[in-house]
Amino acid sequence: TLLHGTVRRDSSGLLWVDAQLIDGVDGTVLWDGHLAETSSGIGSMVDSMVASIEASLIHRGANGIDAGGRAHDADPLAYADYLRGLALIRSRSDTGLVKAAGLLRGVVAADSDFARGWVALGDALLLLPLYAGVPTSAIEAEAGAAIQHALELDPDDQAAIAASGRLAAMQWRWRDAEIAFRRVLSSTPDHESERALGEVLLVTHRPLEALAAFERSW
């Protein structure tokens, strides 16, 4: 699917969003929305859009919808940096991940109650040894503290639980990692958690179970 639209700000400071969710295969419009909100309410706007899209897709019979947790009414500039940080994390580039970690440190410094900001910071830090050559010892404590802070803010947040599993796997705490990934998967389908679970199962000598998890992750 493709989320396509425009965002504009009027002279009064209102943000206006006109958007469509489009089926990438046949071009069918799955959802069409028009929202307006003040800059300080950007998190509420995201919540409204996610809820509206989710309701529309469920009504159409779609499965596996994950709203990704509720958005947060953080400072608009901090929230924009959070979104930039997520994009940089997805890039998996060495410089991008270093920049993401810096941006996300600023996000949680600006709003320490932003659970998803802490999760994103933890994820960026966990990827630094893999993609940027940063020693694990240099990021382990900070990543663990970020993920723990997210869980304290929202113990049931699926992204934070999955991040705790990735931290446990990095530390070779295979049982804790498996518990975390299975907890996520008990609530919602998640391809990344299925793949991560498959890796844990493979390392702990359960190849058939690992193969099944990898197949579910496709």
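1. H4 and H6 are roughly parallel to each other, because their angle falls under the limit for that label (under 35 degrees is roughly parallel, over 145 roughly antiparallel, 65 to 115 roughly perpendicular, the rest oblique). Their axes come within 10 Å and cross at roughly 25 degrees. Axes here are lines fitted to C-alpha atoms, for helices over the stretch in contact, and angles run from 0 to 180 degrees between N-to-C directions. The crossing of H4 and H6 is left-handed: the near helix is turned anticlockwise from the far one by less than a right angle, whereas clockwise would be right-handed. From H4, the contact uses Arg116, Val119, Asp123 and Leu126. From H6, Ala159, Ala160, Ala163, Arg166, Leu167 and Met170 take part. Contact means heavy atoms within 4.5 Å.

2. A word on the basis. This is a predicted model, where local features need pLDDT of at least 70 and side-chain atom pairs count only at pLDDT 80 or more, while totals for chains, interfaces and linings use all residues. Residues are numbered from 1 along each chain as its sequence is written, and side-chain values use heavy atoms, with hydrogens and water left out. Helices (H or I, at least four residues) and strands (E, at least two) are DSSP runs, numbered from the N terminus.

3. Helix H5 covers residues 136–153. At 1.5 Å a residue, its 18 residues should span 26 Å, and the end C-alpha atoms are 25 Å apart, which agrees. The expected span is 1.5 Å times one less than the number of residues. Which residues of H5 are buried? They are Ile139, Ala143, Gly144, Ala146, Ile147, Ala150 and Leu151. Buried means under 20% relative accessible area, exposed over 50%, and partly exposed in between, with a 1.4 Å probe and protein chains only. These buried residues pack against H4 (115–131) and H6 (158–170).

4. H5 and H6 pack at an angle of about 155 degrees, with their axes 10 Å apart. The two are therefore roughly antiparallel to each other. Their crossing is left-handed. On the H5 side, the contact is made by Thr136, Ile139, Glu140, Gly144, Ile147, Ala150 and Leu151. On the H6 side, the residues are Ala160, Ile161, Ala163, Ser164, Leu167 and Met170.

5. Helix H3 spans residues 94–110. Buried in H3 are Gly96, Leu97, Ala100, Ala101, Leu103, Leu104, Val107 and Val108. The buried residues of H3 pack against H2 (76–91) and H4.

6. Now the sheet. It is open, has 3 strands in the order S1-S2-S3, and pairs antiparallel. S1 and S3 (29–38) stand at the edges with a single partner strand each, so one side of each has no neighbour in the sheet. Neighbouring strands are turned by 10 degrees against each other on average, direction ignored. Two strands pair if DSSP finds at least two bridges between them. S1 (residues 2–9) and S2 (residues 14–22) are joined by 8 bridges, and S2 and S3 by 9. Thr6 stands opposite Asp18 in S2. Ile22 stands opposite Val29 in S3. The hairpin of S1 and S2 has 4 residues between the strands, and there Gly13 takes a positive phi near 100 degrees.

7. Leu14 lies in S2. Its relative accessible area is 25%, so Leu14 is partly exposed. Leu14 touches Arg8, Arg9, Glu37 and Thr38, leaving aside residues up to four places away in sequence. Leu14 and Ala36 are 22 residues apart in sequence and 6.5 Å apart in space, C-alpha to C-alpha.

8. Helix H7 runs over residues 174–187. Glu178 touches Leu197, Val200, Leu201 and Arg206, not counting residues up to four places away in sequence.

9. Two loop residues deserve a look. Trp172 is not a glycine, yet has a positive phi of about 65 degrees. Trp172 sits in the loop between H6 and H7 and counts as exposed at 66% relative accessibility. His205, also a residue other than glycine, has a positive phi near 65 degrees. His205 is in the loop between H8 (191–203) and H9 (207–217). With a relative accessible area of 69%, His205 is exposed.
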